[in-house]
Amino acid sequence: MRSLKFIRSPETLSRIKENLSPERLSSYLDQNGGDLKAAIHLYEHNTNLSAAFYRPLQGLEVVLRNAIQNQLAKGFQRQDWYDDPIFLEILQSHHKNALNKARNALARENKPISPGGIVAELSFGFWTGLLGPKYAVLWNRYLYQSFPNKKLQRKQCHKSLNRIRRFRNRIAHHEPILSRDLEYDHRLIIEIISWIDPIAAQWVNQTSHFQQTFRKTLLQKILGRLCGCR
């Protein structure tokens, strides 16, 4: 069945506003002097750019967690390093809770509670947190080896990953990202992956659609201003 072309009439735009909620659109309206049509255009640009980050963020998260998993398994000499008493003694309570939630999620889905399952279930925040100041002992003994292609201080590594973690969360919660330096964010994602493996970084970069989407978004905004619809 052919879909009908969406007509941006005052009535349809008002319906979109109510469906998105006036609160969610408020920042877009503020940037466009209350012009609803322009605000929704800007919202669409934000959505397109957020979607363009899915591939590079996914690449970073998978490569990072596997790199950390490999070093911890090697260091504790067991694939289920998360059950090692020494590791658990180091682990903070909120990270222990994250492990318990991962086990429970696998159990609810009748999946085996295996190292691969646990690693896949743990969040990006969990892995980034293991690079924080409370886990300097893990960094000094094992985790610095997760980044063999860059001589890094733990603080530098954690700061960079924490920036991307917060950025990822903004996208996941459908928040505005247009005010950020998005080209820098994309470069940083690729750079962090290169610290782990330059081949993986090259692959993620070449399969990312961010640059095309970013250029297209800029062009659409320029043309929109020229035709009066911003």
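Select Asp185 first. In this predicted model, Asp185 is buried, with a relative accessible area of 0%.

**Stop 1: the partners of Asp185**

Show the side chain of Arg163. Asp185 forms a salt bridge with Arg163, and their closest N and O atoms are 2.9 Å apart. Now colour two helices. Asp185 sits in helix α11 (residues 182-196), while Arg163 belongs to helix α10 (residues 154-172), so this pair ties together parts that are 22 residues apart in sequence. Arg163 is partly exposed, at 27% relative accessibility.

Arg180 counts as partly exposed, with 23% relative accessibility. Buried means under 20%, so Asp185 at 0% falls on the buried side.

**Stop 2: the network at Arg78**

Move to Arg78, Asp80 and Asp84. Salt bridges that share partners join these three residues into one network. Zoom in on Arg78 and Asp80. Their side chains meet in a salt bridge with an N to O distance of 2.8 Å. Arg78 has 28% relative accessibility, so Arg78 is partly exposed. Asp80, at 25%, is partly exposed too. Across the model, the salt bridge count comes to 8.

**Stop 3: the largest core**

Select Leu72, Phe87, Leu130 and Phe147. These residues have the most contacts inside the largest nonpolar core, which has 53 residues. Next, colour helix α4 (residues 54-76). Helix α4 supplies the largest share of this core, 9 residues.

Centre on Leu130. Which residues is Leu130 in contact with, leaving aside its neighbours within four places in sequence? Pick them out in sequence order: Ile68, Leu72, Phe87, Leu91, His95, Tyr135, Leu138 and Leu143. Two of the names on that list, Leu72 and Phe87, are already selected: both are among the residues with the most contacts inside the core.

**Stop 4: the second core**

Clear the selection. Pick Leu13, Tyr28, Leu36 and Ile40. They are among the members of a second, separate core of 9 residues.

**Last view**

Key
Residues numbered from 1 in each chain as written. Predicted model: local features only at pLDDT ≥ 70, side-chain atom pairs only at ≥ 80, totals over all residues. Heavy atoms only, no water. Core = buried A, V, L, I, M, F, W, Y, C linked by side-chain atoms within 4.5 Å. Buried < 20%, exposed > 50% of the residue type's maximum accessible area, 1.4 Å probe, protein only. Helix = DSSP H or I, 4+ residues; strand = E, 2+ residues; numbered from the N terminus. Contact = heavy atoms within 4.5 Å. Salt bridge = Lys/Arg side-chain N within 4 Å of Asp/Glu carboxyl O.
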